[in-house]
Amino acid sequence: MRYGGDLSERQEAIMRVIRSWIVEHGQAPTIRQIGERVGLSSTSSVAYQLGRLEEWGLITRTGRGWKTCYLGSPRRGLRSR
């Protein structure tokens, strides 16, 4: 499934958090860290949003955990370590 529409405000906020965290720390944030920054206390809500972003190809993971995610496609993304 590819992304074909507008992101919600929450999804845009999550993308901004991931981008800035990778730039600042060299790796992606945890689900809890994302939740704290976007105002979500439920880790399952954050995981759901991350799953949608991954389905649309806006983020990709190199491993099972979300700390291995990076933005964009495998060829041109801002990658965490």
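Is Gln 49 buried or exposed? At 14% relative accessibility, Gln 49 counts as buried, where buried means under 20% relative accessible area, exposed over 50% and partly exposed in between, worked out with a 1.4 Å probe on protein chains only. The model behind this is predicted, so to speak of local features a pLDDT of at least 70 is needed, side-chain atom pairs count only at pLDDT 80 or more, and totals for chains, interfaces and linings use all residues. Residues are numbered from 1 along each chain as its sequence is written, and side-chain values use heavy atoms, with hydrogens and water left out.

Now for the overall layout. The chain has three helices and two strands, and along the sequence they follow the pattern α-α-α-β-β. Helices (H or I, at least four residues) and strands (E, at least two) are DSSP runs numbered from the N terminus. Of the 81 residues in the chain, 37% are buried. Among contacts in the chain with a separation of 6 or more, 46% come from residues 24 or more positions apart, a contact being heavy atoms within 4.5 Å.

Helix 1 takes up residues 9-25, 17 residues in total. From first C-alpha to last, helix 1 reaches 24 Å, close to the 24 Å expected at 1.5 Å a residue; that expected span is 1.5 Å times one less than the number of residues. Its buried residues include Gln 11, Ile 14 and Trp 21, and the buried residues of this helix pack against helix 2, helix 3, strand 1 (59-61) and strand 2 (69-71). After helix 1 comes Gly 26, with a positive phi near 80 degrees.

Back to Gln 49, which sits in helix 3 (residues 43-55). Leaving aside residues up to four places away in sequence, Gln 49 touches Gln 11 and Ile 14. With Gln 11 there is also a side-chain to side-chain polar contact at 3.0 Å; such a contact is a pair of N or O atoms within 3.5 Å, and within protein one must be able to donate a hydrogen and the other to accept it, while residues adjacent in sequence count only if both atoms are side-chain atoms.

Helix 3 also meets helix 2 (residues 31-38): their axes come within 9 Å and cross at roughly 95 degrees. The two helices are therefore roughly perpendicular to each other. On the helix 2 side, Ile 31, Arg 32, Ile 34 and Gly 35 meet Thr 43, Val 46, Ala 47 and Leu 50 of helix 3.

Terms used:
Axes fitted to C-alpha atoms, helices over the stretch in contact; angles between N-to-C directions. Parallel < 35°, antiparallel > 145°, perpendicular 65-115°, else oblique.
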